[in-house]
Amino acid sequence: MNKDILICGVGGQGTVLASKLIASAATSCGETVHSAETIGMAQRGGSVTSHVRIGREAFSPLIPSGSADLVLAFEPAEAVRNLRYLKTDGMVLCSSVPVKPTTESLSDTGYDGTEMLAYLQGKCRCLIIDAQSLCAPFGSSQYFNVAILGAAVGAGVLGLDAESMLQEMERKIPAKFIENNIAAFRAGMQIGEAYGIK
Amino acid sequence: MKREYVMGNGAIALGALAAGVNVVSGYPGTPSSEIIETISKYPQQGLHLEWSVNEKAAMEVAASAAYAGARTLVTMKQVGLNVASDPLMSLAYVGVKGGMVIVAADDPGPISSQTEQDTRMFAQYCRIPVFDPSSPEEAYRMIQDAFVYSEKYHTPVLFRPTTRICHAYASIEVPEQFGVHTYEGFVKDSGRWVIFPRLSYANHAMIEKRNPQIGKDFSSYAPNHFTGKGPKAVFASGVSYAYAKEYLKQYPDIRLCQIATPHPFPEQLALACLEGVEEVLCIEELSPYVETQLLQLIGAHQLSVRVYGKLTGHAASSGENSADSVAQALSGFLGTAPADAGLDLSDMPALPLRPPVLCAGCPHRASFYAVKKAMQGKKSYFCGDIGCYTLGNAMPLDMVDTCLCMGAGITMAQGLHWVDPQASCFAFVGDSTFFASGMTGVVNALYNEADMTLCVLDNSTTAMTGHQPHPGTGRNMMGNVVDKISIENTLAGMGVKKILTVDPLNLDAAVTAVQECAAEPGVKAIIFQSPCIAISKPTGKMQISEKCIQCKKCIRETGCPALITIDGKVSIDESLCTGCGLCSQICPVGAIQ
């Protein structure tokens with residue numbers, strides 16, 4: 001398998017766990033995996049990305065522009081910011097919930113994500129996920145990271161099956177959080193499956 | 001053997017462990033910090049691990065251990081090498097017995113550094129070998145080779161990964177267990193270990209004779225290699241080699257040469273690669289190092305080869321390379337198709353900017369605010385330093401007038417005092433930076449009778465680089481609980497007469513302390529003590545009552561990201577608020593509790 005997956009969002013949303021789960025699940029399936037994270041000053045309230053590259057043909061740690069099969073976006077503007085990485089026939093999964101910049105209250109730009117979502121829909125194959133209602137039963141938006149993985153599995157675009165993802169989750173997520181994580185993953189899967197059928 | 005999926009820094013750490021490293025020292029700095037953190041997860045009998053007080057100390061600890069035959073590893077970021085350059089320049093002359101590898105991580109971009117300096121140039125300046133890995137997997141193998149070459153030539157060697165190697169992940173095969181290297185111990189020999197002009201002269205001659213030998217040796221070192229044929233060649237170094245390979249996978253016949261040991265330059269290999277070549281493109285980050293080496297070589301051998309790169313404007317002279325920028329340079333050079341650019345995004349809407357800011361509840365915000373309030377309307381200079389608190393420069397705090405390098409704020413406040421004695425001069429320094437290179441500056445101020453107020457922002461950790469312990473935290477990297485070194489006692493011991501310790505989250509007390517210090521002549525210090533929010537539990541969440549008059553003073557004056565507006569009304573983002581209470585002390589109507 002050769003697959004390039006870009007994960008993007010805002011520091012603190014749990015993008016790193018999502019990339020680690022994909023990378024280790026793919027490794028367990030015998031794939032060669034490379035990934036890279038943005039670390040450092042950029043993390044504090046800033047835009048963050050993880051590049052996950054599955055397959056022997058990936059030499060550079062970062063995905064070249066126009067090469068990502070899949071973009072998993074935790075925030076609408078971050079999806080647009082990283083759209084240049086997407087292949088022309090690639091797919092974007094994106095949370096509908098905007099995260100205002102931390103400086104927004106000082107200088108109001110009126111950013112609410114709608115323009116970004118409209119742009120995405122006009123530009124590429126994408127599945128917008130209502131992260132708010134999806135995560136509501138679990139009481140925290142922190143579960144979106146596993147939910148979006150579930151959606152990608154459900155839609156059949158991750159290249160990995162539910163079994164291997166769930167196995168990695170059991171391995172990597174502390175016992176007291178695992179139940180909600182599995183439920184969020186399955187809820188995401190349903191959304192993905194519904195999209196896949198369409 | 002077992003497979004591990006690790007960060008490049010983890011691969012470097014595991015490689016050093018596989019080489020049986022005995023002593024590891026370093027100072028935190030992005031992108032190098034995780035090397036020592038990884039090693040701490042593999043405690044070994046016979047392995048000493050430390051966060052040293054700064055890079056110079058780390059270098060010296062490792063140097064003498066290597067004199068005794070131990071294998072030693074020193075880690076730092078590129079600017080840390082400037083701090084450690086005094087011992088390193090001399091050590092290059094003296095040499096070592098046990099393998100000594102100095103990892104200095106470069107940061108093209110720069111992404112989180114002050115400079116775009118190139119450690120390959122540093123190696124050339126010191127006249128010592130340098131290894132330049134192109135992937136985490138290669139870093140794992142190469143650092144083991146680095147120990148072998150260090151011992152073979154009795155010289156410290158540099159190892160310079162860049163951010164995209166340090167923070168990239170890959171699978172590597174590592175032993176189930178590690179052992180440590182056995183060594184002879186220190187053998188007294190003042191003719192060898194005591195540097196004197198005569199020794200330096202003799203060793204300088206030896207080094208100049210030795211380095212071409214190493215270059216020859218490196219010419220047959222496996223990672224230095226080339227593939228392909230034809231009249232055009234691409235030379236690449238570090239992660240840029242990986243980017244070049246990525247683009248050239250569709251053109252496997254193009255001549256591509258990796259320079260994995262930039263100094264001493266593998267001349268024989270380069271000459272072999274240049275045979276029949278008419279044009280060369282150099283793909284590298286930071287300085288045009290390989291490009292200059294090739295120009296020299298081509299000149300010396302009177303070859304007819306044109307060299308393109310940074311010096312000719314065919315590659316960017318600054319900033320980080322990417323798969324895209326390298327593909328673009330290569331397609332221009334080779335006349336091949338440009339890489340697939342993906343979707344047409346020329347109509348992209350304007351994106352919100354997300355500049356880094358101090359975290360919600362960060363005690364630094366309160367410290368800066370207290371000084372700002374106390375000095376309002378008075379001529380003051382605020383000298384900042386390296387750490388999270390550099391972000392105190394952002395609006396609305398706007399409390400960092402200068403920032404240069406580690407510890408510089410303290411001495412720069414003195415310089416400003418001497419040219420403007422009427423102004424109040426403040427220096428802000430973090431607790432870790434105070435120990436690293438702030439203390440000598442305080443002695444300088446006392447001795448030379450400067451007027452300044454030192455503000456130590458003591459959050460009990462090295463926050464910016466990932467919360468490493470330091471001498472003031474009472475923990476070290478051997479997992480031991482040790483005596484905390486008191487900043488207050490240290491300052492008192494130096495002779496600072498007025499030292500006030502306050503909680504910055506108590507705004508009135510903090511403002512009073514600043515006013516009291518500013519009013520007195522001489523060297524004064526305020527220790528703002530409050531732990532980093534990332535290592536302490538939130539004390540609660542603030543609430544805004546209906547008393548709020550929507551004046552937005554809390555937002556305008558603190559810029560705390562937990563203070564937001566919803567439908568025009570000031571609200572608290574409970575997912576961010578730590579209950580620090582700074583805003584409640586600023587609210588003119590007491591609406592925030």
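Colleague: Which residues of α1(B) are buried?

Modeller: First the term. Buried means under 20% relative accessible area, exposed means over 50%, and partly exposed lies in between (1.4 Å probe, protein chains only). In α1(B), the buried residues are B:Gly8, B:Asn9, B:Gly10, B:Ala11, B:Ile12, B:Ala13, B:Leu14, B:Gly15, B:Ala16 and B:Leu17. Ten of the eleven residues of α1(B) are buried, so the helix is largely enclosed by the rest of the structure.

Colleague: How should I read the numbering and the values?

Modeller: This is a predicted model, where local features need pLDDT of at least 70, side-chain atom pairs count only at pLDDT 80 or more, and totals for chains, interfaces and linings use all residues. Residues are numbered from 1 along each chain as its sequence is written, chains are lettered from A and ligands numbered from 1 in the order in which they are written, and side-chain values use heavy atoms, with hydrogens and water left out.

Colleague: What does α1 of chain B lie across?

Modeller: Helices (H or I, at least four residues) and strands (E, at least two) are DSSP runs, numbered from the N terminus. Contact means heavy atoms within 4.5 Å. Axes are lines fitted to C-alpha atoms, for helices over the stretch in contact, and angles run from 0 to 180 degrees between N-to-C directions. An α-helix has 3.6 residues a turn, so residues three or four places apart point the same way. Here, α1 (residues 8-18) of chain B lies across β1 and β8 of chain B, at about 130 degrees to β1(B). Just after α1(B), B:Gly20 has a positive phi of about 75 degrees.

Colleague: In what order do the eight strands of the open sheet stand?

Modeller: Two strands pair if DSSP finds at least two bridges between them. In a regular strand the side chains alternate between the two faces of the sheet. The order here is β6(A)-β5(A)-β4(A)-β1(A)-β3(A)-β2(A)-β8(B)-β1(B), with mixed pairing. β6 (125-129) of chain A and β1 (2-7) of chain B are the edge strands, each pairing on one side only. On average, neighbouring strands of this sheet are turned by 20 degrees against each other, direction ignored.

Colleague: How many bridges pair β2 of chain A with β8 of chain B?

Modeller: Two bridges, in the antiparallel sense, pair β2 (residues 33-37) of chain A with β8 (residues 168-174) of chain B. A:Ser35 has B:Tyr169 as its bridge partner in β8(B). On the chain A part, helix α5 (residues 144-154) lies across β4 (68-73), β5 (86-95) and β6 of chain A, at about 145 degrees to β4(A).

Colleague: Which strands stand at the edges of the five-stranded sheet in chain B?

Modeller: The order of that open sheet is β14-β15-β16-β18-β17 (chain B), with parallel pairing. β14 (380-383) and β17 (498-502) of chain B stand at the edges with a single partner strand each, so one side of each is left without a neighbour in the sheet. Within the sheet, seven bridges join β16 (residues 452-458) to the parallel strand β18 (residues 523-529) of chain B. One pair is B:Cys455 with B:Ile526 in β18(B). Helix α19 (residues 507-519) of chain B packs on the sheet and touches β15, β16, β17 and β18 of chain B; its direction makes about 170 degrees with that of β17(B).

Colleague: Where is B:Gly430, and what does it touch?

Modeller: B:Gly430 is in strand β15 (residues 424-430) of chain B. It counts as buried, at 3% relative accessibility. Leaving out residues up to four places away in sequence, B:Gly430 touches B:Tyr389 and B:Leu457. Its C-alpha atom is separated by 7.9 Å from that of B:Ile386, 44 residues apart along the chain.

Colleague: What joins β19 and β20 of chain B?

Modeller: Four bridges pair β19 (residues 563-566) with β20 (residues 569-572) of chain B in the antiparallel sense. B:Ile564 stands opposite B:Ser571 in β20(B). The two strands form a hairpin with two residues between them, and B:Asp567 in the turn has a positive phi of about 50 degrees.

Colleague: Where is B:Asn54 placed?

Modeller: B:Asn54 sits in the loop between β3 (48-51) and α3 (55-67) of chain B. B:Asn54 is buried, with a relative accessible area of 14%.
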